[in-house]
Amino acid sequence: MATFHRTTDIPTAGARALPRRYYASPELFGEEMEKIFARRWLCAGREHRVSAPGDFVVVEAAGESIIITRDPSGTLRAFYNVCRHRGSRLCETSHGNFPGHIQCPYHAWTYALDGHLLGAPSSDAIDDFDRDDWPLHALSVASWEGFLFICLDDAPVPFHEAFAPLIGRFARWGLPSLGVGRTIEYDVAANWKLILQNYSECYHCAPVHPALARLTPPTSGENDLVDGPFLGGFMMLNAGSESLTMSGRACGVPVGDLPAEDHRRVYYYSIFPNLLLSLHPDYVMAHTLWPLSAGRTRIVCEWLFHPDSLADARWNPDDAVAFWERTNREDWHICEQSQLGVMSRKYVPGPYSRRESLSAAVDREVLRALGV
């Protein structure tokens, strides 16, 4: 069983926010891409997008274009979007279905869905050419709770080891069986760490999110993961509030087999470096973060519901989407204001309060990953 601690009980040991260069420096951003986003397991969205053999999605990660697909046996595969001939991009679209193979649009080198080279026109005229020597460059791919994960590291920590603290933790929400009710993408003019830090505390909730504060007390939180790559805990719903929706009522059936206490809680977890998981009694919201530069982040937000909630007109999933669409935009605005502020020559890192202990923990994980 998880051990929870009130947010105000976790000292920050005098921690201060990060210096300006962590939000402004292109060089440091490049270092983060190499030491964090090119080495850690990254969430690449929901697994349903590659449910059948040949289905594919293309994601941009750490400056690389990555193809995720499923071969005829049903095995997940991930490849760099680079032809082995002269390097052309293989896929120009973000998703689709391969017709049993992957063919380069430049010179028609053709690959099987497991990556091996099937054919190369006129290759019989190339000295000592062996098709087995020229498969697509593969990378590690895994699935967890209905999400896809990739790792660009040539020798990654095995997924089941890296994610050991989370294996089984969210089973009661039935995440693999949930359907996507809505997806919204945001382009936020803020550093990815500011977004992680903001998500990890509700110190800002009363001034920034009045509608949220009416449904859940900003000081009610308790955390059970307080250091390392996985952080979070829960906040309580006010009496009379069934969920975080515009109406305050549930907008669907329970997502899984939840105990009574979980019907009064909303759980928030950051899964370093790019997944934010918000678990409500009647839906789950997932944010996937893709840093574009030191001062810009693309965020994909998905709302997940029990299939019965999506199929039954008596339920209104848009009640949740509208609530978080407003709350998300409040968060993005204040993160953009933070980005503008930390760019000032007068910015000096201020002290974290105990209500920001998880934000301080985000910083510690960043610094550990960078070797600082």
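**Close-up 1. The largest cavity of the predicted model.** The largest cavity holds about 430 Å³ of space, where a cavity is, on a 1 Å grid over the protein atoms alone, a set of points at which a 1.4 Å probe fits but cannot get out, and where a volume is the space filled by probe spheres set on the points, these being joined across faces, edges and corners. It is lined by 31 residues (those with an atom within 4 Å of a point), and Tyr199, Ser200, Glu201, Cys202 and Tyr268 are the closest to its centre. At least two lining residues each come from helix 4, strand 14 (230-236), strand 15 (265-271) and helix 8, with strand 14 giving the largest share, five residues; helices (H or I, at least four residues) and strands (E, at least two) are DSSP runs numbered from the N terminus. This is a predicted model, in which local features need pLDDT of at least 70 and side-chain atom pairs count only at pLDDT 80 or more, while totals for chains, interfaces and linings use all residues. Residues are numbered from 1 along each chain as its sequence is written, and side-chain values use heavy atoms, with hydrogens and water left out.

**Close-up 2. The second largest cavity.** About 40 Å³ of space lies in this cavity, whose lining includes Leu196, Pro229, Phe272 and Glu365. Strand 15 and helix 9 (357-370) each supply at least two lining residues, and helix 9 gives the most, with three.

**Close-up 3. The largest pocket.** A pocket is an open set of grid points with protein on both sides within 12 Å along at least five of seven lines, and the largest one has a volume of about 510 Å³. Of its 23 lining residues, Val58, Val59, Trp290, Arg298 and Val300 are the closest to the centre. Strand 3 contributes the largest share of this lining, five residues.

**Close-up 4. The second largest pocket.** This pocket contains about 400 Å³ of space and is lined by 20 residues, among which Leu194, Gln197, Glu201, Ser338 and Glu356 lie nearest its centre. Helix 8 gives the most to the lining, with four residues.

Close-up 5. Five bridges join strand 4 (residues 64-70) to strand 5, and Thr69 stands opposite Arg77 in strand 5.

Methods: Pairing = 2+ DSSP bridges.
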